[in-house]
Amino acid sequence: MIGQLPYFIRRALRNMLHSPVLSAASIFTVGVALALLAFFAIAVLNVQRLTLSWAAELAIVAYLEQPPEGPVLNRWLAEIRAYPEVADVTYVSRQEAYQRFKVRLGSDADLLEGLGAEVLPASLEVRLKPERRQDMTAVAERLGRNKAFGELHYGREWLERFEAFLLLLRTAGVALGGFLVLAALVIVANTIKLTLYARQDELEAMTMVGATALFIKLPYLIEGALQGLCGGILALLVSFAAFRLLLRESLGSLLLLTGIDTIHFLPPVWQLLLVAGGALIGLLGSLLALRKFVRFCQD
Amino acid sequence: MIQLFNVTKAFQREQSALADITLRVAKGEFVYLTGPSGAGKSTLLKLVCCAERPTRGQILMDGRNITQLGMRHIPFLRRNLGIVFQDFKLLNRRTVFENVAFPLEVQGRRRIEIGKKVYQVLKQVGLEHRLSHHPPQLSGGEQQRVAVARALVVDPLVLLADEPTGNLDPDVTLDIMELFKSANARGTTIVMATHDRGLIRQFPRRVITLEAGRLTGDAQP
């Protein structure tokens, strides 16, 4: 049967050429469904990138009542570095904090005139590993047991809100995409079914000369997969064009406010998955159509 | 070659299309199945090629009980059969060559072999000059000759023909009968359903008569 693959592909291509309108409808439907899915994926990916970059900057800041002695500081640093959740810990002296604050004030730095570095407390900045971000409260509680640490600051709450938003975006994408993919699947199945009805005489003749069910099904399965593949490529082209013309500008201006400078298109693996997904939709659509039809012809 | 034992076929809510048929067709025989419309001729042919299953009884083909044959094995049984229909059942989108090559493609034969075999059979039926035409471009007689070529190209053990000359004029009917005769002379068993008494008189062979699904006659010429 594998040796006959070129024959099946030829027949599938010929079938598509004989029903150009039906084939175009299938390709278009798969293309639209996957392109919409790709738009969501682009948005989710870029927003996710934003949370990752924010999360990397996110730290627990432990303000110190008094600047510690050298050996004490070293002990603390070693202790905190040993926490499994911690990626890095840095000591920010009063002087350093003063300099940073001055830089942040920019043209208003003269406000600090007459004030010394002693007005600002020294601190420890504890950064967590990205995968252990959810342990922020636990780490903060552990740090809080050290009486030498005064106030503890960390921006977990807004990060959680942002992650909830990301989850919502992702869920909406999956739900809408799932719905569209399902619609594409049904349309491909119906297209193939219409083709099968149009070629009922051919199927009958095939069964009468001894064609096996697989022999009858294979060209239609290949046809479905080819249509899906074309739909996937179309989705890729449309989403890339939309990305260049619309998304990059609109999403860019939205995310620029938050510190992201460039908007990225889907990574190559995702692009491949999109095209392969199209082929899979087409294949499943044909399978759905053929399930009952060929059984009927064989009876 | 073909044996039927007490075969009955009943469709839902209808009286039996075939009732208690027992008959035997020997290897290399040429048999007419005759009787009025609705007598059960087509049903009997369908049972022999497993397009229908008998309600009761057993059918043996070349010693093998095909009544119990699983769905998966039916295609392989049909590869030993040639089937000719009254309405030809040709594929109009394919050329004459492709129509005849079709059963060999189904069997997965090599392209070179297919080419040679198809040309040879088309020559036999006198259509080698029409191989690139499509069926709608041919006359009724030519289309039936293509259908016969498609049936013969696999060198079938049995050729089943359901009213093959029903739509043809007398001259073309003679051509088709000559093709059947020569296939039979080469050893193919032929079972031909027809209600054309004139044809049976012209080419006398064994005649099995069916009436209202019952076997009412079995006469040698």
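Which residue of strand 3 of chain A does A:Tyr63 stand opposite? A:Tyr63 stands opposite A:Ser123.

This is a predicted model, in which local features need pLDDT of at least 70 and side-chain atom pairs count only at pLDDT 80 or more, while totals for chains, interfaces and linings use all residues. Residues are numbered from 1 along each chain as its sequence is written, and chains are lettered from A and ligands numbered from 1 in the order in which they are written.

**View 1. Strands 1 and 3 of chain A run antiparallel.** Strand 1 (residues 59–64) is joined to strand 3 (residues 123–128) by five bridges. Two strands count as paired if DSSP finds at least two bridges between them.

**View 2. An open sheet of four strands lies in chain A.** The strand order is 2-3-1-4, with antiparallel pairing. Strand 2 (86–92) and strand 4 (149–153) are at the edges, and each has a single partner strand, so one side of each lacks a neighbour in the sheet. From one strand to the next, the twist averages 20 degrees (axes are lines fitted to C-alpha atoms, and angles run from 0 to 180 degrees between N-to-C directions).

**View 3. Chain A contains nine helices and four strands.** Helices (H or I, at least four residues) and strands (E, at least two) are DSSP runs, numbered from the N terminus. Along the sequence they follow the pattern α-α-β-α-β-α-β-α-β-α-α-α-α.

**View 4. Chain B has an average pLDDT of 90.** In chain B, 99% of the residues score at least 70, pLDDT being the predictor's confidence in each residue, from 0 to 100. For the complex, the predictor gives an ipTM of 0.81 and a pTM of 0.67.
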